[in-house]
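User: I am new to this structure. Please take a close look at one part of it, the salt bridges, and explain what each term means as you go.

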Amino acid sequence: MAEELKPSTFYTVFGEPQLDQSKQEALLYLYQPIIGSAALSLYLTLASDITIEGKSPSLMHTDLLAAVDTGLMNLIKAREQLEGIGLLDTYQQTDDEIGLSLLYHLRTPMYPVKFFQDPLMGYLLLEKIGTRRYDRLVERFKPKEFDTTTAINVTKRFRDVYRFDEKIFDSQSELLEKTQDDFSDSRDFDWSLFSQQLKRFNLILSVDEREKLQTFQTLYGLGELDLAEYVAKAAAGEKTGVNFTYLRQLINKEKRPIIPTASPEAVTENKETTGTFSSQELEIITQSKKIAPVTFLRAIKREKGGFETNTEVRLLEELIGRNLLPKSVINIIINYILVIQNQAVINANYLNAIANDWAQKKITTPEAAIAHVRQNNQKLVRKTQPSRSNYQKRGAGRKEALPEHIKQPPKETKLTPEKEAELNRKLAEYLSKEGDD
């Protein structure tokens, strides 16, 4: 690229470098020691080129060289430092009239909390600035906690302050879901960083392998560095490709979470509803969007005193691989089968029937999943009342609320009201802790 790039080469910058104070501090205190002042200057200059439309006009590198006050080779070095750390993606294209031109995709820096959660980034910073200054930065950016145990929560609930018409809300669900998709962050997992890590092991993935790894990443909620390490181990000794059977064994063995024993607190009653959902339902909705399905499954099994089976994990893997439902909706299905229906294990036919039905009905959010369950007079989180009317349609025959083509699971002994309340409380608490990690 060095011999092809010239001061007269055109470039365009695009991206969303919306740098709030926290990200500005991350660039200054955390990234700059690693990438250097020249790379930081280049990043800020490129960010200033982007207009309100999210991209810059077509510019020449002559202007860029003048703005950062450096030579061409130093600019290329600074650019490569940004690329290597994950702040910049560079694309080149050739036009018959203007020849070579470059596209710079500017990435936003990680928030300080996420930065220190990444072992590689923490190590790079530690290596550059030393232990003493590193400790000071950790203390500076460490999340601050405030003790409210002796205070009384007098916060108003949603329903106390705002009027909410559920029917009107449901009528706008299609528009709202489309808006949610438009603004959803599809870069929870940075595949560019993951690919860079694989280069350390001289690994190149096929398209099929990449698709399978996307399923594994969603299923287990792995980070870029962890997944790269597992893939490297699963590819070691193989003539070609990745041994996915061994990869699955590695992840299940090493990533099994150590879940602390729940404290023997007294069973509390369900809180009043907030908006259209109870507080426990809201907690499960929130965490279903954050937590990997395997972790969600393990949390429920643990609170019920059981354990997940290899068959259940494989069933979830196959379901995710079909790309029919997002992980949040899959988590709601897990909760429905194991908590609402109180099944000991997830049955393949039952899981696939529910997933197929929900996919055909285009249920793409946990809120929509709960609304669908409620339309059949069901509840996402069981109430403490033992009445079966909460789980069945009213009318002749007391038919099960699920669609007729879904086979009814085997009958099981109901949980006692006290056990139901305890399970719901512990599950919501555990998921909350897991989602904050």
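Analyst: The protein has an accessible surface of about 25,300 Å², and carbon and sulfur atoms hold 51% of that area (Shrake-Rupley method, 1.4 Å probe; for residues, only the protein chains shown count as cover). This is a predicted model, in which local features need pLDDT of at least 70 and side-chain atom pairs count only at pLDDT 80 or more, while totals for chains, interfaces and linings use all residues. Residues are numbered from 1 along each chain as its sequence is written, and side-chain values use heavy atoms, with hydrogens and water left out.

A salt bridge is a side-chain nitrogen of Lys or Arg within 4 Å of a carboxyl oxygen of Asp or Glu. By this rule there are 9 salt bridges.

One of them joins the side chains of Lys301 and Glu312, at 2.7 Å from N to O. Lys301 is in helix H15 and Glu312 in helix H16, so this pair, 11 residues apart, links distant parts of the chain (helices are DSSP runs of H or I, at least four residues, numbered from the N terminus). Lys301 is buried at 4% relative accessibility, and Glu312 is buried at 1% (buried is under 20% relative accessible area, exposed over 50%, partly exposed in between; 1.4 Å probe, protein chains only).

Another salt bridge joins Arg140 and Glu25, at 3.7 Å from N to O. Arg140 belongs to helix H6 (residues 119-141) and Glu25 to helix H1 (residues 21-35), so the pair ties together parts 115 residues apart in sequence. Arg140 is partly exposed at 40%, and Glu25 is partly exposed at 22%.

Note on methods: Helices (H or I, at least four residues) and strands (E, at least two) are DSSP runs, numbered from the N terminus.
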